[in-house]
Amino acid sequence: MSALFNFSSFVVVLLLTICTCTYVKGKAPALLNERTGFRGLFWKFARVGERLSPWVSIACFFMAFSVVFL
């Protein structure tokens, strides 16, 4: 089954994308400078990771335990 049709898998993919884009923007900010188009989507994910980092980290923490215990 695709991750798009399973809600918990979709949340995992979304959180991992946000964390990856935030990490890449911290290490190589020139890669995520474009704010429009397809690459702009990754810029927006990085922005969410920067602005909502406490909430993203809490969600990753709960995600880790839900994957382990389910």
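Arg47 and Glu50 sit 3 residues apart in helix α2, so about one helical turn separates them. Helices here are DSSP runs of H or I with at least four residues, numbered from the N terminus. The side chains of Arg47 and Glu50 meet in a salt bridge, 3.3 Å from N to O. A salt bridge needs a side-chain nitrogen of Lys or Arg within 4 Å of a carboxyl oxygen of Asp or Glu.

This is a predicted model, in which local features need pLDDT of at least 70, side-chain atom pairs need pLDDT 80 or more, and totals for chains, interfaces and linings use all residues. Residues are numbered from 1 along each chain as its sequence is written, and side-chain values use heavy atoms, without hydrogens and water.

The whole structure holds 2 salt bridges. Lys25 also pairs with Glu50, with the closest N and O atoms 3.9 Å apart. Lys25 lies in helix α1 (residues 7-27) and Glu50 in helix α2 (residues 37-51), so this pair ties together parts 25 residues apart in sequence. Shared partners join Lys25, Arg47 and Glu50 into one network.

| Residue | Relative accessible area | Class |
|---|---|---|
| Lys25 | 16% | buried |
| Arg47 | 26% | partly exposed |
| Glu50 | 36% | partly exposed |
| Phe62 | 55% | exposed |

Phe62 lies in helix α3. Phe62 is also one of the residues making a nonpolar surface patch of about 730 Å², others including Trp55 and Phe65. Helix α3 (residues 53-69) gives the largest share of the patch, 5 residues. Patch residues have over 30% relative accessible area and no salt bridge; nonpolar side chains (Val, Leu, Ile, Met, Phe, Trp, Tyr) are joined within 5 Å, like charges within 9 Å. Areas come from the Shrake-Rupley method with a 1.4 Å probe; for residues, only the protein chains shown count as cover.

Key
Helix = DSSP H or I, 4+ residues; strand = E, 2+ residues; numbered from the N terminus. Buried < 20%, exposed > 50% of the residue type's maximum accessible area, 1.4 Å probe, protein only.
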